[in-house]
Amino acid sequence: MSTLDLYLASHFLNAEQTAAASAISVAELDALIDARCVPAPSYVVSASGTVSSFVFGEMAAPGSAPGRYFHRAQAVWIARARQLESEVRLRERFTQQFGAALATLNLSTWRLRDAFDASGAPIADGLRTRTDNAWKFFLNGTFGLCVANPIAEAQIAYKEVLQEKLTQLSDNGAKHAYDAAQVPLMAALIDAYAAAAMPFSPIDYARSSRKRLVEDLRIYLR
């Protein structure tokens, strides 16, 4: 097995395994994806030795097993899609739940000034932009690739807000000098983000937020 195969086997299921885990056929899985009710695969490995994702595009992956790979949490979203039965209802629920999670995180974790005012009240246009973007990334498989436990909107929002906070405070990993008071706060933030984010595959790790905001940044906090 290639290193990519080992990573995918640890964190993902192929299309056949994903369908079996939800007691549906691959055809039904594809129909749910086409109807924009569940996420597309996070990774697609081709027979010609490449791996593709919405996040990183196409990269070489020689010797890896062809297939479409979904985060193991896909079963949760398949069950919800079969219950709610329409993209409209699914999107409404996702938008409401994701927006509520952002409201909580705005007060507890990081001020989202584009989406909430100083009192915590929503700013309609800003919040709508965030939830619309989240729905797009949800459907194209982005969160399955980068969120460790994407079983609910709150977990997805938590990882996204932690990344936003860490990106801002570290100048996207470019800030290397921190005073004594900042070091423990940054270390705790990095640890929280590391737990919320996927480890990323050996193919895309070098370009990942995890390398930039976790491993590379930790060096400057020692």
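This is a predicted model: local features need pLDDT of at least 70, side-chain atom pairs count only at pLDDT 80 or more; totals for chains, interfaces and linings use all residues.
Local features were considered at pLDDT of at least 70 and side-chain atom pairs only at pLDDT 80 or more, whereas totals for chains, interfaces and linings use all residues. Residues are numbered from 1 along each chain as its sequence is written, and side-chain values use heavy atoms, with hydrogens and water left out.

With a disulfide taken as a pair of cysteine sulfur atoms within 2.5 Å, the count comes to zero disulfides. Cys-37 is buried at a relative accessible area of 6%, and Cys-146 is buried at 7%, where buried denotes under 20% relative accessible area, exposed over 50% and partly exposed the range in between (1.4 Å probe, protein chains only).

Rings of Phe, Tyr and Trp (its six-membered ring) were paired if their centres lie within 6.5 Å, with planes under 30 degrees apart counted as stacked, over 60 as edge-to-face and the rest as tilted; by this rule there are ten aromatic pairs. The rings of Phe-137 and Phe-143 have centres 6.4 Å apart and planes at 85°, so this pair is edge-to-face. Phe-137 is partly exposed at 26% relative accessibility, while Phe-143 is buried at 3%. One aromatic cluster is formed by Trp-77, Phe-94, Phe-98, Trp-135 and Phe-138.

Most residues other than glycine have a negative phi. Asn-172, although not a glycine, has a positive phi of about 55° and is partly exposed at 36% relative accessibility. Phe-200, likewise not a glycine, has a positive phi of about 70° and is buried, with a relative accessible area of 6%.
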